[in-house]
Amino acid sequence: MVRYEGTFVVVGGGIAGVSCAETIAFYCPEEKIILLTESSLIKAVTQLVPLGKALTRFEVEERSAETIGKSVQVVTDQLAAVKSQEKVIVTKEGHEISYKYLCLCTGARPKLIEKHPNVIGIRDTESVAEFQRRIKDAERIALVGNGGIASEIAYEVRGVAVDWIIKDNHMSSTFLDPGAAEFFRQSLSEKHSKVSETSSIKRMRYGETQGSSGAALGPDWHRMLDVSGNARNLPDSVNIHYGCEVRNVSAGQNANGRKLCVDLTNGQAVECDFVVSATGVNPRIDYTVDLGLECATDGGISVNELMRTSIGNVYAAGDCCTASWPLAENWFQMRLWTQARQMGMMAGKAMAMTYLGQEDDIVQDFCFEFFGHVTKLFGQQVVLLGRYNGQGLGTNYEAMVRVTPNKEYIKLVLVNGKLQGAVLIGETGLEETFENLLLNQLDLTPFGTDLLDPNIDIEDYFD
């Protein structure tokens, strides 16, 4: 048994844990920081581009854990137990690490539709490698889920037929409304018909769009991978099965040699080589805690606005935790890498400032004032702001939409003339403008459809 000692101990080498450790190192460069990670590789944020006050676009890169910084000692092992009364954690290998401040960033595990050797989830590096290995010999796969990961798989895989099974009536419902889904639908076709680029503006009213909080694997996770199948002599195809779920997965019995038969709730059956389950995640808390952590109804560790848990000097950040403070009007939690980074940085700042005796000066970061997320879907930038799909607004909102086929899709969600959310697809350049309008709650009624008139530079309106 080896015993380590650190002022700060962070568990988890994902975006939340690394962001937490880096933030602590910024505030307390002389203090000992220990990062406990199960892999020798960590997730690092790169190519950080600010698009507004709190809105950023970034890429995620895997790096050796040793590159994190001189003040951070990396221990490669798995957390087994937290002894908070002794301020010690115990690893799976039996080592002990003492701390003054602890942050749990253990992430989440994918929800699998069924435990089966030919049903795989995609969540981390290991599962992506398994997906890459299997798809090389595949001709047909079944894809289950409707979030960011499922959408990118459907768009990116080559040389393989995909049966995409979604429970909703339009694709990518975690992020997109039916209009935006239709904008992207032709991206899945092998041949793109030329469409007029004349912009159209429409006012529409929507009921609340319900979407599960799927977890993004990170921007461009597939970029460096070969995700090509074995059907070299067949055209790429994506067959979408709307409004249904998987009823059962069984061994294939057809003469074509497919390994699996997937029965759907609409009575259809799909034969495939393997199933990709991309149906969201559950917080991962697979270790014991002596005093017991207070958890939310979704299974995540409850944290307050400074990312503190119910146990003294123990913090949590990222997918393993649940925001349990009074939320800002246009902010809500989704288990995305954007929020993992924000929570990790907030936890690191709170831990460091508390240690430095400046606890009274800690204020919650500005990024928690409104929901903001930048990602890529079907090869295009997607920016989501506030209640972008009218979440929590019922039918009491108006949606204003501008569409330029093959180029951009812009949707504004307004309540009583005030902006509550926005979806920006494509290189619109309007992210900061709409972020400001979301924050200052200016009455936009006098501007009418001029807000989205492509012939008017609305940035000049609010300069």
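The model is predicted, so local features need pLDDT of at least 70 and side-chain atom pairs count only at pLDDT 80 or more, while totals for chains, interfaces and linings use all residues. Residues are numbered from 1 along each chain as its sequence is written, and side-chain values use heavy atoms, with hydrogens and water left out.

**Overall fold**

- The protein chain contains 7 helices and 30 strands; helices (H or I, at least four residues) and strands (E, at least two) are DSSP runs, numbered from the N terminus.
- Of the 463 residues in the protein chain, 56% are buried; buried means under 20% relative accessible area, exposed means over 50%, and partly exposed lies in between (1.4 Å probe, protein chains only).
- Among contacts in the protein chain with a separation of 6 or more, 65% join residues 24 or more positions apart, a contact being heavy atoms within 4.5 Å.
- The chain exposes about 20100 Å², of which carbon and sulfur atoms supply 45%; accessible areas come from the Shrake-Rupley method with a 1.4 Å probe, and for residues only the protein chains shown count as cover.

- Phe-26, Tyr-27 and Leu-356 form a nonpolar patch on the surface, with about 310 Å² of accessible area together.
- Patches are made of residues with over 30% relative accessible area and no salt bridge; like charges are joined within 9 Å, and nonpolar side chains (Val, Leu, Ile, Met, Phe, Trp, Tyr) within 5 Å.
- Phe-26 belongs to helix α1 (residues 15–27) and counts as exposed because its relative accessibility is 65%.
- Thr-23 is also found in helix α1, but counts as buried, at 12% relative accessibility.
- A polar atom of the Thr-23 side chain lies 2.7 Å from the backbone oxygen of Ser-19.
- Leaving aside residues up to four places away in sequence, Thr-23 touches Met-345, Gly-348 and Lys-349.

**Helix α5**

- Just after α5, Gly-357 takes a positive phi of about 80°.

**Salt bridges**

- Side chains of opposite charge can pair when their charged atoms come close.
- A salt bridge is a side-chain nitrogen of Lys or Arg within 4 Å of a carboxyl oxygen of Asp or Glu, and by this rule the count comes to 11.
- Arg-3 and Glu-96 meet in a salt bridge (2.5 Å, N to O). Arg-3 lies in strand β1 (residues 3–5) and Glu-96 in strand β9 (residues 96–98), so the pair ties together parts that are 93 residues apart in sequence.
- Arg-3 is partly exposed at 44% relative accessibility, whereas Glu-96 is buried at 17%.
- Asp-177 forms a salt bridge with Lys-411, with the closest N and O atoms 2.9 Å apart. Asp-177 lies in the loop between β14 (161–165) and α4 (178–185) and Lys-411 in strand β29 (residues 408–415), so this pair ties together parts that are 234 residues apart in sequence.
- Both Asp-177 and Lys-411 are buried.

Terms used: Polar contact = N/O pair within 3.5 Å; in protein donor to acceptor, adjacent residues only side chain to side chain.
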